[in-house]
Amino acid sequence: MGKEEREMGVIQVALLCFVVGVLGAKAEQLSTKECENLGFTGLALCSDCRTLAEYVKDQELVSECLSCCTEDSDDAMSKVVYSGAVLEVCMRKLVFYPEVVGFIEEEKDQFPFVKVQYAFNSPPKLIMLDDHGEQKETIRIDNWKREHILQFLKEKVKPSSDI
(Lines give C-alpha, C1' and ligand atoms only; values in the text may rest on other atoms or scores of the structure.)
Protein backbone atom coordinates (compact mmCIF):
# COMPACT_ATOMS: atom_id res chain seq x y z
CA MET A 1 0.00 0.00 0.00
CA GLY A 2 1.44 3.36 -1.04
CA LYS A 3 1.63 6.56 0.96
CA GLU A 4 -1.35 8.10 -0.87
CA GLU A 5 -3.51 5.02 -0.21
CA ARG A 6 -2.65 5.11 3.52
CA GLU A 7 -3.50 8.83 3.66
CA MET A 8 -6.84 8.18 1.93
CA GLY A 9 -7.54 5.37 4.41
CA VAL A 10 -6.79 7.67 7.34
CA ILE A 11 -9.06 10.36 5.89
CA GLN A 12 -11.87 7.84 5.36
CA VAL A 13 -11.56 6.57 8.94
CA ALA A 14 -11.57 10.15 10.26
CA LEU A 15 -14.70 10.94 8.22
CA LEU A 16 -16.41 7.78 9.45
CA CYS A 17 -15.59 8.67 13.07
CA PHE A 18 -17.01 12.16 12.52
CA VAL A 19 -20.27 10.83 11.05
CA VAL A 20 -20.66 8.26 13.84
CA GLY A 21 -19.96 11.00 16.38
CA VAL A 22 -22.59 13.27 14.84
CA LEU A 23 -25.23 10.55 14.74
CA GLY A 24 -24.36 8.78 17.95
CA ALA A 25 -23.82 11.68 20.30
CA LYS A 26 -25.91 14.72 20.92
CA ALA A 27 -24.29 17.91 19.69
CA GLU A 28 -23.87 20.99 21.85
CA GLN A 29 -27.27 22.46 22.71
CA LEU A 30 -28.35 25.63 20.91
CA SER A 31 -30.69 28.22 22.38
CA THR A 32 -34.43 28.01 21.72
CA LYS A 33 -34.25 31.08 19.47
CA GLU A 34 -31.33 29.64 17.47
CA CYS A 35 -33.24 26.39 17.02
CA GLU A 36 -36.40 28.20 15.89
CA ASN A 37 -34.34 30.18 13.38
CA LEU A 38 -33.06 26.86 12.01
CA GLY A 39 -36.61 25.50 11.83
CA PHE A 40 -36.40 23.24 14.91
CA THR A 41 -38.08 23.45 18.29
CA GLY A 42 -36.98 22.09 21.65
CA LEU A 43 -39.69 19.42 21.52
CA ALA A 44 -38.03 17.49 18.68
CA LEU A 45 -36.90 14.09 19.92
CA CYS A 46 -33.31 13.01 19.24
CA SER A 47 -34.57 9.69 17.87
CA ASP A 48 -36.42 11.73 15.23
CA CYS A 49 -33.09 13.35 14.27
CA ARG A 50 -31.51 9.91 13.88
CA THR A 51 -34.46 8.87 11.71
CA LEU A 52 -33.98 12.06 9.69
CA ALA A 53 -30.35 11.03 9.12
CA GLU A 54 -31.58 7.85 7.41
CA TYR A 55 -33.47 9.87 4.79
CA VAL A 56 -31.42 13.05 4.51
CA LYS A 57 -27.74 12.88 3.66
CA ASP A 58 -27.06 16.48 4.77
CA GLN A 59 -24.81 16.07 7.82
CA GLU A 60 -25.05 19.77 8.70
CA LEU A 61 -28.85 19.51 8.92
CA VAL A 62 -28.63 16.36 11.06
CA SER A 63 -26.09 18.04 13.33
CA GLU A 64 -28.38 21.08 13.72
CA CYS A 65 -31.28 18.77 14.56
CA LEU A 66 -29.20 17.01 17.20
CA SER A 67 -28.27 20.41 18.66
CA CYS A 68 -31.95 21.24 19.12
CA CYS A 69 -33.47 17.93 20.20
CA THR A 70 -34.61 16.47 23.49
CA GLU A 71 -33.35 13.03 24.51
CA ASP A 72 -35.99 10.33 24.44
CA SER A 73 -36.91 8.73 27.74
CA ASP A 74 -38.66 5.49 28.58
CA ASP A 75 -41.68 7.05 30.28
CA ALA A 76 -45.08 7.44 28.61
CA MET A 77 -44.62 11.19 28.12
CA SER A 78 -41.54 10.78 25.93
CA LYS A 79 -43.55 10.34 22.76
CA VAL A 80 -45.23 13.70 22.46
CA VAL A 81 -48.60 13.52 20.71
CA TYR A 82 -51.07 16.25 19.89
CA SER A 83 -54.83 16.44 19.49
CA GLY A 84 -54.88 18.46 16.30
CA ALA A 85 -52.89 20.69 13.99
CA VAL A 86 -53.16 23.75 11.79
CA LEU A 87 -51.23 23.76 8.52
CA GLU A 88 -50.44 27.43 7.97
CA VAL A 89 -49.02 28.78 4.70
CA CYS A 90 -49.14 31.87 2.51
CA MET A 91 -51.42 31.23 -0.46
CA ARG A 92 -49.12 33.25 -2.75
CA LYS A 93 -46.11 31.12 -1.78
CA LEU A 94 -47.84 27.77 -2.36
CA VAL A 95 -46.40 27.58 -5.88
CA PHE A 96 -42.96 27.10 -4.28
CA TYR A 97 -44.14 24.14 -2.17
CA PRO A 98 -45.60 21.46 -4.48
CA GLU A 99 -45.35 18.78 -1.76
CA VAL A 100 -47.50 20.88 0.60
CA VAL A 101 -49.97 21.58 -2.23
CA GLY A 102 -50.16 17.84 -2.97
CA PHE A 103 -50.89 17.13 0.68
CA ILE A 104 -53.62 19.81 0.86
CA GLU A 105 -55.27 18.74 -2.40
CA GLU A 106 -54.99 14.96 -2.15
CA GLU A 107 -54.29 13.86 1.43
CA LYS A 108 -55.83 16.47 3.74
CA ASP A 109 -59.25 14.77 3.87
CA GLN A 110 -57.67 11.80 5.69
CA PHE A 111 -56.98 14.15 8.60
CA PRO A 112 -60.16 15.91 9.78
CA PHE A 113 -58.24 17.16 12.84
CA VAL A 114 -55.91 19.20 10.60
CA LYS A 115 -57.13 22.62 9.48
CA VAL A 116 -55.53 24.61 6.67
CA GLN A 117 -55.04 28.29 7.41
CA TYR A 118 -53.73 30.83 4.92
CA ALA A 119 -51.64 33.65 6.39
CA PHE A 120 -49.87 36.35 4.39
CA ASN A 121 -46.12 35.74 4.00
CA SER A 122 -46.14 32.65 6.25
CA PRO A 123 -43.80 29.80 5.37
CA PRO A 124 -45.44 26.35 5.48
CA LYS A 125 -45.65 25.15 9.06
CA LEU A 126 -47.62 22.84 11.28
CA ILE A 127 -49.00 24.41 14.44
CA MET A 128 -49.53 21.54 16.85
CA LEU A 129 -52.49 21.75 19.26
CA ASP A 130 -53.18 20.23 22.68
CA ASP A 131 -56.48 18.80 23.98
CA HIS A 132 -57.85 22.31 24.52
CA GLY A 133 -56.96 23.57 21.04
CA GLU A 134 -54.04 25.60 22.40
CA GLN A 135 -50.83 25.94 20.38
CA LYS A 136 -48.05 23.75 21.79
CA GLU A 137 -45.39 23.64 19.08
CA THR A 138 -44.74 25.11 15.64
CA ILE A 139 -42.83 23.04 13.08
CA ARG A 140 -41.61 24.43 9.76
CA ILE A 141 -42.22 22.01 6.89
CA ASP A 142 -40.71 23.97 3.98
CA ASN A 143 -38.68 21.05 2.64
CA TRP A 144 -40.80 18.13 3.77
CA LYS A 145 -42.00 15.57 1.26
CA ARG A 146 -45.68 14.69 1.24
CA GLU A 147 -45.00 11.24 2.69
CA HIS A 148 -43.12 12.83 5.62
CA ILE A 149 -46.08 15.09 6.37
CA LEU A 150 -48.37 12.04 6.29
CA GLN A 151 -46.09 9.95 8.51
CA PHE A 152 -45.63 12.79 11.01
CA LEU A 153 -49.37 13.41 11.33
CA LYS A 154 -50.14 9.69 11.68
CA GLU A 155 -47.54 9.28 14.45
CA LYS A 156 -47.84 12.57 16.32
CA VAL A 157 -51.55 13.49 16.18
CA LYS A 158 -54.13 11.47 18.06
CA PRO A 159 -57.35 13.51 18.02
CA SER A 160 -59.28 13.81 21.26
CA SER A 161 -63.04 14.02 21.46
CA ASP A 162 -62.78 17.51 23.03
CA ILE A 163 -61.83 19.35 19.84
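**Reading strand β3 in its sheet**

Mentor: Lys-125, Ile-127 and Leu-129 point one way from β3, Leu-126 and Met-128 point the other way, and all of them are buried. Please keep in mind, as we go on, that this is a predicted model.

Trainee: How should I read side chains that point in two directions, and is β3 largely enclosed or open?

Mentor: In a regular strand the side chains alternate between the two faces of the sheet. In this model five of the five residues of β3, residues 125-129, are buried, that is, under 20% relative accessible area, so the strand is largely enclosed by the rest of the structure.

Trainee: Which strands pair with β3, and in what sense, parallel or antiparallel?

Mentor: Strands of a sheet pair through backbone hydrogen bonds, either parallel or antiparallel. Here β1 (residues 84-89) runs antiparallel to β3 and is joined to it by five bridges, with Ala-85 having Met-128 as its bridge partner in β3. Strand β4 (residues 135-140) also pairs with β3 in the antiparallel sense over five bridges, and there Lys-125 has Arg-140 as its bridge partner. Between the strands of the β3 and β4 hairpin lie five residues, and in this hairpin Gly-133 takes a positive phi near 75°.

Trainee: What is the order of the strands in the sheet, and which are the edge strands?

Mentor: The four strands form an open sheet in the order β2-β1-β3-β4, with mixed pairing. Its edge strands are β2 (114-118) and β4, each of which pairs on one side only. From one strand to the next the twist averages 20°. Helix α6 (residues 146-156) packs on this sheet, touching β1, β2, β3 and β4, and its direction makes about 5° with that of β3.

How values were computed
Residues numbered from 1 in each chain as written. Predicted model: local features only at pLDDT ≥ 70, side-chain atom pairs only at ≥ 80, totals over all residues. Heavy atoms only, no water. Buried < 20%, exposed > 50% of the residue type's maximum accessible area, 1.4 Å probe, protein only. Pairing = 2+ DSSP bridges. Axes fitted to C-alpha atoms, helices over the stretch in contact; angles between N-to-C directions. Contact = heavy atoms within 4.5 Å.
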